[in-house]
Amino acid sequence: MDTELKRLAVEGSAAIFVAIDGKLEGLLELSDPLRLETPRALRLLRRAGVRRISMLTGDKREVAESIGGGIGVDEVHAELSPAGKLACISQAARSHCTMMIGDGVNDAPALASAQLGVAMGARGAAAAAESAGVVLLIDKLDRLAEAKMIAVATMRIARQSVALGMALSLLAMAGAAAGYLPPLDGALLQEAIDVAAILNALRALRIHPLLSNRINLAADKVQALREQHQQLEPLLAQLSDLARALPTMKPDQQVQALQALNGLLRNELMPHEQADEQELYPAVSSLLGGDDPLAALSRSHQEIFRGIHRLSRLFDPLQNPIPEAAMQDIQRTLYGLEAVLRLHFAQENELFSSLSP
């Protein structure tokens, strides 16, 4: 049990102990996964002009720093109470224009204090939505960056239209003052200038700052991919669970467990990855353009297939018990295969979600 608690502390998870008749029987592992679109949203916000991004959280510092460093924030403030988040926002507001994004009750005071409070309204707390100035009704953080890009582009077009209308009107008035423009012609010309300014302003309707607004992958394909990944999630967890449990298992149990896992990898995982390579990737590549836009993901498929084949070659069902050297290689292969699969699934989910309507 101590080993499990240490592992959970390293991974940033919480544990709930389960007892039956006063006897400890096990524990439940709880973790708060990172929003799928968060890394992409932060990159888009920087592209939209946001210069500094801070992470305010009540989580443990070790967990917060590991997540914050991975998604690219500038600074991490961990183990904060609602008052602590409010203090951070108040301090930043003294020298910067502040925007706070949150979805929980603990975020409400900071949302109200920030110059712009943004609440995730789809699944967030009502208190956060009531405290914020902006509520995102779609549960996708990258829509905030899109809204900022649209706002900036719209203001640029509005200024252009105002400048165009005023410049043409001044020229028309100068011509009329010099006697070159009769009143009736001047009135008609002014109408034409107004129409020109309005038509220029209507360009704002064609603003599509993100690729996903111009190239859309069918929503059913994205949903099918998510469901397949959810179905395979227990298999991914089984890889690391078996790697940890192998040294404590009996020899015949080791062989049986490895044979069962090998069957699942070949009968469930490999067909999924092969279907992605042969059907899904060509469809997405045709949308993105270029010679081979999904080459990196295809390379991950090669590593996954190599890991599965390596695992099947490392253990021999006739060898009982499994030699120590082979046992260590099997454990390394299991951990490595899980890491590659989790990274690959995360990359696919992020990419294909960004292309969904």
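**Briefing: a hairpin, its nonpolar patch and a parallel sheet**

In this predicted model, strand β1 (residues 14–20) and strand β2 (residues 23–30) are joined by seven bridges and pair in the antiparallel sense. Strands are DSSP runs (E, at least two residues) numbered from the N terminus, and two strands pair if DSSP finds at least two bridges between them. Residues are numbered from 1 along each chain as its sequence is written. Because the model is predicted, local features need pLDDT of at least 70 and side-chain atom pairs count only at pLDDT 80 or more, while totals for chains, interfaces and linings use all residues, and side-chain values use heavy atoms, with hydrogens and water left out.

**The hairpin**
- I20 stands opposite K23 in β2.
- Two residues lie between the strands of the β1 and β2 hairpin, in which D21 takes a positive phi near 55 degrees.

**The nonpolar patch**
- On the surface, I16, V18, I20, L28 and L30 form a nonpolar patch with about 420 Å² of accessible area together.
- β1 and β2 are the elements that give two or more residues to this patch, and β1 provides the largest share, three residues.
- Accessible areas come from the Shrake-Rupley method with a 1.4 Å probe, and for residues only the protein chains shown count as cover.

**The parallel sheet**
- An open sheet of three strands, paired in parallel, has the order β5-β6-β7, and its edge strands, β5 (99–102) and β7 (134–136), each pair on one side only.
- Strand β6 (residues 116–120) runs parallel to β7 and is joined to that strand by three bridges, and A119 stands opposite V135 in β7.

Key:
Helix = DSSP H or I, 4+ residues; strand = E, 2+ residues; numbered from the N terminus. Patch = residues over 30% accessible without salt bridge, like charges linked within 9 Å, V, L, I, M, F, W, Y side chains within 5 Å. Salt bridge = Lys/Arg side-chain N within 4 Å of Asp/Glu carboxyl O.
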